[in-house]
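Please examine the structure shown below before reading on.

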Amino acid sequence: NKLSKPPGFHLDMLVLSVLIFVQSVLGLPWMVASTAPSIIHIRSLQTVAKDPTTGRERVTHVHEQRLTGVIANALIGASFFCLHVLSYVPIAALSGLFLHFGLQTAKGNQFIDRLALLATDPEQRKSLLPDYLQGVAEKSWILFTVIQFVAFYVLWTVMESKQYGVAFPLVILALVPLRFQLPYILSKKDLDQIDPLPES
C-alpha cells in the first residue's frame, strides 16, 4: 500500500524498550502488545478507498494518534477495580470475544492469504492473487511462505516447550539475520515485492 511509517511509532518503540528494561531490572512483568486488539485498533484508524483499476480496497491513510490507545489502556486499568462485576461474565462470552478478535485479525493477513492460496486449485490461483503478488514468480512466493511457516512452527514449538521456552527471545532475534539471507534464496525483485524492507 506504499504507506510510510510515521516517526511516532519509533518513539513508541523507544519508550516501550526503556519500560521493558526497567521492568526487567525490577523483576516486574513485561509490557507486551496484545496482537489481536492492536491490529483491530490500527484498522479502525485506516482510510480505505477502492482502486478503480482492480476494484479492490486499498489503504490510503492511517490516522496516527495516541488518544484511543490511552483511553483503551485506561479502561483496562480501571477494570481492576470492578473485578467482582467482571467475574459474572461467562467464560463462553470471553472465548467468543477472543475468537472474534482472532478471526478479524486474520482478514487481510498476507501470510494467511498465501497459505489459503496454497490450498487453492493451481488453475484458479492467478485470478485470486492479491496485488502484492502480481508479477511475482509462483515458486518465489510459495518458497517464501514455506520458510515463513517453518519459522512460525519453530517459534511456536520453542514457546510451548518447558525446557527451551527461555530461548524464545533468541529465536525471534534469529529471524533478523534469516531475513537478510533470503536474497540468496529468492530473487531480489520478487522479495522486494513480497516483503519489502524499509528504506534507510
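From the N terminus on, the elements of the protein follow the order α-α-β-β-α-α-α-α-α-α-α-α. Of the 200 residues, 16% count as buried. Among the contacts with a separation of 6 or more, 54% are accounted for by residues 24 or more positions apart.

The model is predicted, and its pLDDT averages 83, with 88% of the residues scoring at least 70.

| Element | Mean pLDDT |
|---|---|
| Helix α2 (residues 35-44), the lowest | 69 |
| Helix α8, the highest | 93 |

Where pLDDT is low, predicted coordinates should not be read in detail.

The packing of helix α8 may now be considered. Two packed helices are described by the angle between their axes and the distance between the axes. The axes of α8 (residues 138-160) and α9 (residues 168-181) come within 9 Å and cross at roughly 165 degrees. Because of this angle, α8 is roughly antiparallel to α9. The crossing of the two helices is right-handed.

Which residues make the contact? From α8 come Ile147, Ala151, Val154, Leu155, Val158 and Met159, while α9 contributes Phe168, Val171, Ile172, Leu175 and Leu178. By residue type, the contact of α8 with α9 comprises eleven nonpolar residues, no polar and no charged ones.

Definitions and conventions
Residues are numbered from 1 along each chain as its sequence is written. This is a predicted model: local features need pLDDT of at least 70, side-chain atom pairs count only at pLDDT 80 or more; totals for chains, interfaces and linings use all residues. Side-chain values use heavy atoms; hydrogens and water are left out. Axes are lines fitted to C-alpha atoms, for helices over the stretch in contact, and angles run from 0 to 180 degrees between N-to-C directions. Helices (H or I, at least four residues) and strands (E, at least two) are DSSP runs, numbered from the N terminus. Angles under 35 degrees count as roughly parallel, over 145 as roughly antiparallel, 65 to 115 as roughly perpendicular and the rest as oblique. A crossing is left-handed if the near helix is turned anticlockwise from the far one by less than a right angle, and right-handed if clockwise. Contact means heavy atoms within 4.5 Å. Ala, Val, Leu, Ile, Met, Phe, Trp, Tyr, Cys and Pro count as nonpolar, Asp, Glu, Lys and Arg as charged, and the others, Gly among them, as polar. pLDDT is the predictor's confidence in each residue, from 0 to 100. Buried means under 20% relative accessible area, exposed over 50%, partly exposed in between (1.4 Å probe, protein chains only).
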